[in-house]
Amino acid sequence: MDVTEVKQWNHIGTQENPADIPSRGLRPQELLVSRLWWNGPAWLESDEKDWTLNPIIHAEEELPEVREVKLVLAVTNPVNGIFKHYSEWNRMLRGVAWLTIYSKYLRKMINGPQS
């Protein structure tokens with residue numbers, strides 16, 4: 001069941017659209033005092049005949065939304081963190097040795113005894 005028709009719809013720019021506020025990174029303190037978030041754009045409180053409308057042009061054929069694909073590649077090196085944790089080379093070697101032994105122990109416990 002359709003409640004509205006497309007000809008009743010209008011476009012609202014991002015600066016006046018309360019739905020866009022979360023994507024702008026507003027902090028909770030700012031959101032609490034945001035007039036746009038709580039009341040909508042100021043012109044919405046005026047008489048409807050005074051509104052500047054931007055009607056949505058509806059094509060007969062629905063077009064799928066096309067978005068540009070963006071790729072982010074993040075490379076991390078977990079070994080760097082270990083250098084920050086240990087202040088001495090020998091202590092780091094002992095720590096890595098214990099971690100290796102412990103990981104082998106855990107694998108043995110998970111997989112059970114091998115015959």
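Predicted model: local features only at pLDDT ≥ 70, side-chain atom pairs only at ≥ 80, totals over all residues.
**Overall architecture**

The secondary structure consists of four helices and zero strands, and the order of elements from the N terminus is α-α-α-α. Of the 115 residues in the protein, 8% are buried. Among contacts with a separation of 6 or more, 29% are between residues 24 or more positions apart.

| Helix | Residues |
|---|---|
| Helix 1 | 28-32 |
| Helix 2 | 35-39 |
| Helix 4 | 89-111 |

**Helix 4**

Helix 4 contains 23 residues. From its first C-alpha to its last, helix 4 reaches 33 Å, close to the 33 Å expected at 1.5 Å a residue. Gly112 follows helix 4 and has a positive phi, near 85°.

**The loop between helices 1 and 2**

Ser34 is located in the loop that lies between helix 1 and helix 2. With a relative accessible area of 13%, Ser34 counts as buried because this value is under 20%. When neighbours within four places in sequence are left aside, the contacts of Ser34 are with Ile21 and Leu26. Pro18 is 16 residues from Ser34 along the chain, and the C-alpha atoms of these two residues are separated by 9.4 Å.

**The largest pocket**

The largest pocket holds about 180 Å³ of space. Its lining includes Asn10, His11, Ile12, Gly13, Glu16 and Pro18. Pro41, Trp43, Leu44, Thr52, Leu53 and Asn54 also line the largest pocket. By residue class, the lining divides into six nonpolar, five polar and one charged.

Notes
Residues numbered from 1 in each chain as written. Heavy atoms only, no water. Helix = DSSP H or I, 4+ residues; strand = E, 2+ residues; numbered from the N terminus. Buried < 20%, exposed > 50% of the residue type's maximum accessible area, 1.4 Å probe, protein only. Contact = heavy atoms within 4.5 Å. 1 Å grid on protein atoms, 1.4 Å probe; cavity = no way out; pocket = protein on both sides within 12 Å on 5 of 7 lines; lining within 4 Å. Points joined across faces, edges and corners; volume = space filled by probe spheres on them. Nonpolar A, V, L, I, M, F, W, Y, C, P; charged D, E, K, R; others polar. Expected span 1.5 Å × (residues − 1).
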